[in-house]
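Reader: Hi! I have a new structure open and would like to talk it through with you. Could you help me get my bearings?

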Amino acid sequence: MKLLDWRDSRHFDRFQDRPCALCAKPTPLRSHAGEPAHKVCAEEWNQAHPAEPRRYTLPDKEMQQWDIGTWRFHNDGPTTPSKVTNTVSLPDTSVQTLELPAA
């Protein structure tokens, strides 16, 4: 089973528990679409329906439709863009003995 990553605070409603859309038990968790759903319920639904859309959104004349028929429970995206790491070689710094003047 693929586990969902819902660590972002937007998945938690600290003010109100609402009935889960899948099991009807109260939950403070919300899907990306704002739908109340336990994370475990969402994972189980995704596993039981691997190729099915969660919902079908009817086309709206005033809004452009992007994801018709593919609305599923999904993971949070990366919080930071991936960065290319460059490595730089530092000059060789051999251990040097420091000579102090005799007192």
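**A first look**

Author: Happy to! This is a predicted model, and the protein has one helix and two strands.

Reader: Nice. In what order do the elements run from the N terminus?

Author: The order is β-β-α, starting at the N terminus.

Reader: And how much of the protein counts as buried?

Author: Of its 103 residues, 17% count as buried. The protein exposes about 9100 Å², and carbon and sulfur atoms supply 55% of that area.

Reader: Okay, what about the inside? Which residues make up the largest nonpolar core?

Author: There are eight of them: Leu 4, Trp 6, Cys 20, Ala 37, Cys 41, Ala 42, Trp 45 and Phe 73. As a general point, nonpolar side chains in soluble globular proteins tend to be buried together.

Reader: Let's pick Ala 37. What is Ala 37 in contact with, leaving aside its neighbours within four places in sequence?

Author: Ala 37 is in contact with Trp 6, Cys 20, Thr 27, Leu 29, Arg 30 and Phe 73. Of these partners, Trp 6, Cys 20 and Phe 73 also belong to the largest nonpolar core.

Reader: Is Ala 24 buried or exposed?

Author: Ala 24 counts as exposed because its relative accessible area is 55%, and the cut-off for exposed is over 50%.

Definitions and conventions: Residues are numbered from 1 along each chain as its sequence is written. This is a predicted model: local features need pLDDT of at least 70, side-chain atom pairs count only at pLDDT 80 or more; totals for chains, interfaces and linings use all residues. Side-chain values use heavy atoms; hydrogens and water are left out. A nonpolar core is a set of buried Ala, Val, Leu, Ile, Met, Phe, Trp, Tyr and Cys residues joined through side-chain atoms within 4.5 Å. Buried means under 20% relative accessible area, exposed over 50%, partly exposed in between (1.4 Å probe, protein chains only). Contact means heavy atoms within 4.5 Å. Helices (H or I, at least four residues) and strands (E, at least two) are DSSP runs, numbered from the N terminus. Accessible areas come from the Shrake-Rupley method with a 1.4 Å probe; for residues, only the protein chains shown count as cover.
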